[in-house]
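Hi,

Here is the structure I promised to hand over. Please have a look at it first, and then read on for what turned up.

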Amino acid sequence: MSTPEADRPLYPPVRPQVTAEELLAAKGTQPIRSLDDLAADTFDSDEELDEFLAFTYAERRRDVA
């Protein structure tokens, strides 16, 4: 006869202890060496960026009044 506690799964589930370095190595990540590593071509033009910023600022202020 088994006890009810033996039939229940552990919560939270037991996970193997892995260091941050091991996780990063498993993902193949590299350290950031300069700000250029973070650069992204998100907007096609300066005008598109300006439109996005104007929209964002307007949305932030919308519920303030």
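From the N terminus on, the elements of the protein chain follow the order α-α-α. That gives three helices and zero strands in its secondary structure. Please keep in mind that this is a predicted model.

Next, the surface. The protein chain has 65 residues, and 2% of them count as buried.

Just after α2 comes Gly28, which takes a positive phi of about 75 degrees.

Now to the side chains. How many salt bridges are there? The count comes to one. The partners are Glu59 and Arg62, and their closest N and O atoms are 3.1 Å apart, where the cut-off for a salt bridge is 4 Å. Both residues sit in helix α3 (residues 46-62); they are three residues apart, so about one helical turn separates Glu59 from Arg62.

Are these two partners buried or exposed? Glu59 has 33% relative accessibility and therefore counts as partly exposed, while Arg62 is exposed, since its relative accessible area is 54%. The line between the two classes is drawn at 50%.

Best wishes

Methods:
Residues numbered from 1 in each chain as written. Predicted model: local features only at pLDDT ≥ 70, side-chain atom pairs only at ≥ 80, totals over all residues. Heavy atoms only, no water. Helix = DSSP H or I, 4+ residues; strand = E, 2+ residues; numbered from the N terminus. Buried < 20%, exposed > 50% of the residue type's maximum accessible area, 1.4 Å probe, protein only. Salt bridge = Lys/Arg side-chain N within 4 Å of Asp/Glu carboxyl O.
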